[in-house]
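Here is a short briefing on a structure. It covers the chain contact first, then the sheets.

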Amino acid sequence: MKTLPSVDVVIVGGGWTGLLMAKELGSRTALSVVVLERGGPRKTEEYGDGMDELDYSVRLRMMQDVSQETVTLRHDTTQQALPLRQHGSFLPGSGVGGAGEHWSAVCPRNLPDCFELFSRSIEKYGANRLPEDHAIQDWGVTYDELEPYYMRAELLMGVSGMAGNIHGKQIEGGNIFEGWRSAEYPTPPTKVPYFSAMFAESTKSLGYHPYPVPAATTSRAYTNPDGVSRAGCTYCGYCETFGCMIGAKSQPTNTLLPVIAKRKNVSIRTGAWVRRVVRDASENRGRARGVTYIDANGQEVFQPAELIFLASWTLNNTRLLLLSGIGEAYDPATGKGTVGRNLTHQVVFSAATAFFEKPLNRFMGSGASGIMLSDLDGDLFDHGKLSFLRGGTLSARSARSLPISECGVVPKSVKATWGSAWKKATLHYYDRTGRIGFSGEHLAYKGNYMDLDPVYKDHFGDPLLRLTLDWRENERKMAEYVIAKAVEIAREMGANEVTGFPGLQSYDATRYQSSHVQGGVIMGSSPDCSVLNPYLQHWHVANLFVLGASSFPQNASANPTPTILALTYRAADAIVKRYLKNPAALA
Amino acid sequence: MRRREFLTLSAASIGGVLVYSLDREVSRLSAQADQSIRVPLRFFSQAEALIVAAAASRIFPSDEAGPGAREAGVAVYIDRQLAGPWGRDRHRYTQEPFEEDAPQEFGYQGKATPRQIYRQGLKDLKGLDRLKTAEQDQKLVQIETTLFFSLLRRNTIEGMFCDPIHGGNIDMVGWQLIGFPGPRMSNYDDVDKHFGEAFRPKAASLRQVTGHKVRPSEDQE
């Protein structure tokens, strides 16, 4: 093994959080920063050639290569876990920018009470109302503490939207249920396509409070506080699973790389596959020494560093800690150990698929342009007579309307699945189909967790990560409830036929939900039940920080990107202002 | 090395359209002159290609609703996909042990690659291309629930609606059928207009939009 000269900071993973930390430390300090990214380099200029549904949405060219490494899945501890042999319910990215390159850029904040879910729920409903085997926890940080960092994240990306609550003052037309904001969104809402406009009108008439989807796709040309300028969105429709050809969709490559590229103290090494975090020998166990990785030439390298960040895709952070033997692996039988606990996956499905008489022109739009509503989110509606807690948002967006994936989506009245009758229906309905999507909270449970698989290995021979994950009654009941609401909305919109989502059975690894798999390296207020303190610092290894949605104790209904960026900004502030002066525990 | 095989397409059989040959050069065939072109095959034998073309034509037929798999060149598309990395599972996790009978929610767990699934499946359809359409349909109904058929159906849809760089959707016939314009640099002026009425800009392919050749994934390692 080759040992390289020591650096001040090593960051594992070149996605949103890794590159944001590199940008912050690289421009606010003189520290030497090395980012290790196992995928390849990326440039915005490449994305014009990428407007190809087959290669990017079907063959999934931007995703992690699962032939090298995947995860295994079982629904409970009695089952034999099986490897996910192809991508399905979530899509981990690879390469510089990571999943932040191919996201749809839906960018809402979490509801304030998400951060204190345990305390608030107990306070309101009592302990008996929580599901039997729940593992719900408070985050150790409150919305009020995080608000300034949310704002910084939104300014960084130029998020478009319309505020519904500025300093507690409700604003009609915005999301009146959102947590207080210190300022309006950096750019105005994106344009609203036909299907979304119908959704807005119909939900309003049903008494809901629709608002423009907060989108990290700028609605007009925008220059952020770092001086990075990006064009406004042209609604080409190639967002999710694609990189943005003009850089209107905020991505690490077009938002963070331009700043990093000017900093001589920051370097990015691609093709660097980190396998272990190395801890100090016995005398100083509370410190990590560096990381080992296989470089682009296949050589094993040890990179010593003073400060270490794990910022790989959410599940991979957990796997790296388990492979490195840092912290105690969670055991659901005893409840002991913390690494791997609280695995969640945002509850996402097409709640209602609506078939219309009129064409929708749905090739126009962006991954996040559209209308959503929060009336059924969190604890914003009366759960008194309902048999579940929490909820989620409904939305009508123009995402995922490309022909290969959407041709063949026909109403239930069409029985044929091939041949002339089916073809006729397929041609007719392709541009007459709209989906009302649901994004819901996923509570944490004692039995949903991650550990190392005893059978399956990656291409280096390291054990794969094993997910033990299934839905519980709370999610199933929540789904039933919102599906009925979505079907009602679709009918109000004038749909001839509506197909409601069939409901949640056991966790289905083949149906794409979202790439918002979370937990495993969770933050919290005590080392007994979390791996990280509220500054994302390891409770027992002070020079190790773990960034990203792996830190979320449970899954909010909101998409995670603004929250992971806000938490990363907050950690960066604490490091620059306090840790560098006194490298010790921040909490 | 095996003998090079060709799929011969006559202009009359495909309705007189553009055909992409192996080197991505296009020829426009004229039905009036009854021209034909020999497309070199990368994976199928000629006999296999004819069966795939016949089956795809029953899945997505050429009928009064418009052109189908035959005009779109679906068989050529599938041949290239199978010859490329997808056909040999280059990006699938293929470490043992395989649990072939796993529940559906774990996704395909089998050992066979798309190439193997096709090769095996086509044996059961021997002579399909020489049957009458009603008999072809009967044969296909018999295999409707197989993995091979679901793959064939999925690949037929792909070949109908992919960008023409992949060998299917020749002349953008698939896109024109559904009113999809292909990649467009901007819909800024139109996205919030045309409510309730069809807005159908002229279709353009990736190559036309970017102005240069783009290398598709099936041509890569």
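The contact draws 55 residues from chain A and 54 residues from chain B; two residues are in contact if their C-beta atoms, placed from the backbone, lie within 7 Å. This is a predicted model: local features need pLDDT of at least 70, side-chain atom pairs count only at pLDDT 80 or more, and totals for chains, interfaces and linings use all residues. Residues are numbered from 1 along each chain as its sequence is written, and chains are lettered from A and ligands numbered from 1 in the order in which they are written.

**Side of chain A that touches chain B**
- Helices H2 (53–58), H6, H10 (403–406) and H11 (420–429) and strands S5 and S20 of chain A each supply at least two residues. Helices (H or I, at least four residues) and strands (E, at least two) are DSSP runs, numbered from the N terminus.
- This side divides into 27 nonpolar, 13 polar and 15 charged residues. Ala, Val, Leu, Ile, Met, Phe, Trp, Tyr, Cys and Pro count as nonpolar, Asp, Glu, Lys and Arg as charged, and the others, Gly among them, as polar.

**Four-stranded sheet**
- This open sheet of chain A has the order S5-S4-S21-S20, with mixed pairing. Two strands pair if DSSP finds at least two bridges between them.
- S5 (82–83) and S20 (449–457) of chain A are the edge strands, each pairing on one side only.
- Two bridges join S4 (71–74) of chain A to S5(A) in the antiparallel sense. Leu73(A) stands opposite Leu82(A).

**Six-stranded sheet**
- The order in this open sheet of chain A is S8-S17-S18-S19-S16-S22, with antiparallel pairing.
- S18 (392–397) and S19 (433–440) of chain A run antiparallel, joined by four bridges. Thr393(A) has Ser439(A) as its bridge partner.
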